Amino acid sequence: MTSLSCYRKLDAQNRIELPAEYCQVLQYEQGQTLIVHLRKAGIYLESPLVSCQICGSSLDIQQVYDMTLCSDCISRIVKFTKQKKKSSR
Ligand SMILES: [Zn+2]
């Protein structure tokens, strides 16, 4: 997908209107919940439970704090953390 950019003004309640073509490309629908991430570079919107932020898989997706991860990556992180704890003893 090509990267798109546009300018939008915040309204009096700090809201912006998302461009209809962006919503169409990303398959955002009216009433859909989006995750709003605050990053150093700005605000990033994401559909919840779409794909793993580490490997990109869309199978068995879970929300862990503010991250969307697949069960395989969660297992790898847990295994890695346990190994780190054992090696630090
Ligand atoms: Zn993953």
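**Notebook: protein chain, predicted model**

I started with confidence by element. Strand β3, residues 61-64, has the lowest confidence in the protein chain, with a mean of 87. Helix α2, residues 71-87, has the highest, at 94. This is a predicted model, so I checked pLDDT over the protein chain before going on. The mean is 89, and 97% of the residues reach 70 or more. I kept one caution in mind: where pLDDT is low, predicted coordinates should not be read in detail.

**Entry: layout**

I listed the secondary structure next. The protein chain has 2 helices and 4 strands. Along the sequence their pattern is α-β-β-β-β-α. I then looked up the radius of gyration of the protein chain, which is 17 Å. The globule rule gives 12 Å for 89 residues, so the chain is more spread out than a compact globule. I also took the spans of the C-alpha trace along its principal axes: about 55 × 25 × 25 Å.

**Entry: burial and contacts**

How many of the 89 residues count as buried? I found 6%. For contacts, I took those between residues at least 6 apart in sequence. Of these, 4% join residues at least 24 apart.

**Entry: Asp60**

I went through backbone angles. Most residues other than glycine have a negative phi. Asp60 has a positive phi, near 50 degrees. I placed Asp60 in the loop between β2, residues 42-46, and β3. Is Asp60 buried or exposed? I counted 12 other C-beta atoms within 10 Å of Asp60. The cut-off for exposed is 12 or fewer, so Asp60 is exposed.

**Entry: Tyr65**

Tyr65 also turned up with a positive phi, near 55 degrees. Tyr65 is not a glycine either. Where does Tyr65 lie? I found Tyr65 in the loop between β3 and β4, the latter covering residues 67-70. Tyr65 is exposed, because 5 other C-beta atoms lie within 10 Å.

**Entry: Met67 and Ser88**

I moved on to strand β4, where Met67 lies. Met67 has 15 C-beta neighbours inside 10 Å, so I noted Met67 as partly exposed. Then I took a distance from Met67 to Ser88. In sequence, Met67 and Ser88 are 21 residues apart. In space, I got 26 Å between Met67 and Ser88, C-alpha to C-alpha.

**Entry: recap**

Tyr65 sits in the loop between β3 and β4. I wrote down that Asp60 is exposed, and that Tyr65 is exposed.

Key:
Residues are numbered from 1 along each chain as its sequence is written. This is a predicted model: local features need pLDDT of at least 70, side-chain atom pairs count only at pLDDT 80 or more; totals for chains, interfaces and linings use all residues. pLDDT is the predictor's confidence in each residue, from 0 to 100. A residue is buried if 20 or more other C-beta atoms lie within 10 Å of its own, exposed if 12 or fewer, and partly exposed in between; C-beta atoms are placed from the backbone. The radius of gyration is taken over C-alpha atoms; the globule rule is 2.2 Å times the number of residues to the power 0.38. Two residues are in contact if their C-beta atoms, placed from the backbone, lie within 7 Å.
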